[in-house]
Amino acid sequence: MDWIFGFVLIGLAGGAGSVLRALLSKLDGWLPYGLFLANSLAAGLVAWLLLRPDLSLDLVTIASIGFAGGLSTFSTAMKACFDFYHRGRLFQALISMAGNLFIPMLAVMLAASLG
């Protein structure tokens, strides 16, 4: 695939992932549940893609760097943690930080066991 066309596809996929993340972030409560879901879906998707040798490298690159990269984000997770901390909710900040690390890791292990 032409590298310019590949970059355009990565950008479009990243935009779609970002829009989905923004929609999922509306699932908010005591913790940022939508953010946990977005990061977990992205992590699970990347694990699943990497376990599929039959997929083309171009598709894996577009889906993992583009879509999953747009869907997941460390900065949004840290913003949620900072917001909790700034409001004096240290326990929620710590749970949010831990959740954004361990829940996606569980999604990777689940995808690996299914793949």
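A: Let's start with one residue. Leaving aside neighbours within four places in sequence, Asn100 is in contact (heavy atoms within 4.5 Å) with Leu35, Phe36, Asn39 and Ala77.

Q: Before we go on, what sort of model is this, and how are residues numbered?
A: This is a predicted model, where local features need pLDDT of at least 70, side-chain atom pairs count only at pLDDT 80 or more, and totals for chains, interfaces and linings use all residues. Residues are numbered from 1 along each chain as its sequence is written, and side-chain values use heavy atoms, with hydrogens and water left out.

Q: Back to Asn100. Which helix is it in?
A: Asn100 sits in helix H5, residues 90-114. Helices here are DSSP runs of H or I with at least four residues, strands are E runs of at least two, and both are numbered from the N terminus.

Q: Is Asn100 buried or exposed?
A: Asn100 counts as buried because its relative accessibility is 10%. The cut-offs are under 20% relative accessible area for buried, over 50% for exposed and partly exposed in between, with a 1.4 Å probe on protein chains only.

Q: How much of the chain is buried?
A: Of the 115 residues in the protein chain, 36% are buried.

Q: And the overall fold? How many helices and strands?
A: Five helices and zero strands. The C-alpha trace spans about 50 × 30 × 15 Å along its principal axes.

Q: Which residues make up the largest nonpolar core?
A: Leu24, Ala38, Ala42, Ala68 and Leu71. Helix H2 (33-50) and helix H3 (57-71) each supply at least two residues of this core. A nonpolar core is a set of buried Ala, Val, Leu, Ile, Met, Phe, Trp, Tyr and Cys residues joined through side-chain atoms within 4.5 Å.

Q: What does Ala42 touch, leaving aside neighbours within four places in sequence?
A: Ala42 is in contact with Ala68, Leu71 and Ser72.

Q: New topic: how do H1 and H3 pack? At what angle do their axes cross?
A: The axes of H1 (residues 3-24) and H3 cross at roughly 30 degrees and come within 6 Å. Therefore H1 is roughly parallel to H3. Angles under 35 degrees count as roughly parallel, over 145 as roughly antiparallel, 65 to 115 as roughly perpendicular and the rest as oblique. Axes are lines fitted to C-alpha atoms, for helices over the stretch in contact, with angles from 0 to 180 degrees between N-to-C directions.

Q: Which residues meet there?
A: Among them, Leu9, Ile10 and Ala13 from H1, and Thr61, Ile62 and Ile65 from H3.
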